[in-house]
Amino acid sequence: VIFWLILTFGTLALILALLVAWKRERERNIEDKIRASWGHRKTDRFPFDRIEKFAEVMIKDKRFHQLSQQTMNDIDFHDLFSFIDRTSSSVGQQYLFHRLMHPAGDDASLKKLNATAELVSSNVGIREKVQKQLVRLNSTAAYAIATLIEERAFRKPKWLKFLSFSLISVPVLLVLAIENPVFLLFLIVPFALNNLVHFWNREVSHVFTGSFPQLSLLIDVCEK
């Protein structure tokens, strides 16, 4: 019995030691990556359809001026953003896009932002500590947090009213098939439409529900 107890506790201690070593190695790798990427241009893909989401949600905020589409085209806004983006998280990327697309109209906010930037740039310890937390939000799923602050997260599609015809057609075709089995072939149409609606709804629901864990993570990062 004593042998098995020693073996059990020894195994648990070994597993715990391995987990601690893995965590330290992971943190060291994160630190090395942060230091290596500081000040360098990103080489990742820029999913602007997701990056723009926060700016789209905040478009009704009248405190900020908004660049016109013509101006954005003239200055190659997406290329410009890709060049200057040095953010460490997906939500930070969205916020930077929003601030560039909606420049502030008062000196006070710009001076405050500049002071924060100088503090982070000059203090390596603070910068790396903040970045280590922000990289936790550097995922595709984190882009979806912006959907939670939309006025209408779920919008009824215009084509939804036509779906009732598809639902009615199924029993009608089944009844007609009693007289002529050929009508069973026409069931392919409503079956295909219903499957398309199912996959569309699943994708929309997945993005919305998947944003809640990221929101919890965002709150945790802000608290730290």
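Arg-35 is partly exposed, at a relative accessible area of 46%; partly exposed is the band between buried, under 20%, and exposed, over 50%, with a 1.4 Å probe and protein chains only. This is a predicted model, where local features need pLDDT of at least 70 and side-chain atom pairs count only at pLDDT 80 or more, while totals for chains, interfaces and linings use all residues. Residues are numbered from 1 along each chain as its sequence is written, and side-chain values use heavy atoms, leaving out hydrogens and water.

What does Arg-35 form a salt bridge with? The partner is Glu-128, with the closest N and O atoms 2.9 Å apart. A salt bridge here is a side-chain nitrogen of Lys or Arg within 4 Å of a carboxyl oxygen of Asp or Glu. Arg-35 lies in helix H1 and Glu-128 in helix H8, residues 124–134, so the pair ties together parts that are 93 residues apart in sequence. Helices are DSSP runs of H or I, at least four residues, numbered from the N terminus. Glu-128 is buried, at 13%.

By this rule there are five salt bridges. Another joins Arg-136 and Asp-220, 2.8 Å from N to O. Arg-136 sits in the loop between H8 and helix H9 (163–179) and Asp-220 in helix H10, so this pair ties together parts that are 84 residues apart in sequence. Glu-25 and Arg-28 form one too, at 2.5 Å between the closest N and O atoms. Those two are both in H1, three residues apart, about one turn of the helix.

On H1 itself: its 36 residues should span 52 Å at 1.5 Å a residue, and its end C-alpha atoms are 52 Å apart, which agrees. The expected span is 1.5 Å times one less than the number of residues. After H1 comes Gly-39, with a positive phi near 80 degrees.

The largest nonpolar core has 11 residues, among them Phe-48, Ile-51, Phe-81 and Phe-97. A core is a set of buried Ala, Val, Leu, Ile, Met, Phe, Trp, Tyr and Cys residues joined through side-chain atoms within 4.5 Å. Helices H2 (48–51), H5 (77–84) and H6 (90–101) each supply at least two residues of this core. A second, separate core of six residues includes Val-91 and Val-221.

Which residues of H6 are buried? They are Ser-90, Val-91, Gln-93, Gln-94, Phe-97, His-98, Arg-99 and Met-101. The buried residues of H6 pack against several helices, including H2, H5 and H10 (188–223).

How values were computed:
Contact = heavy atoms within 4.5 Å.
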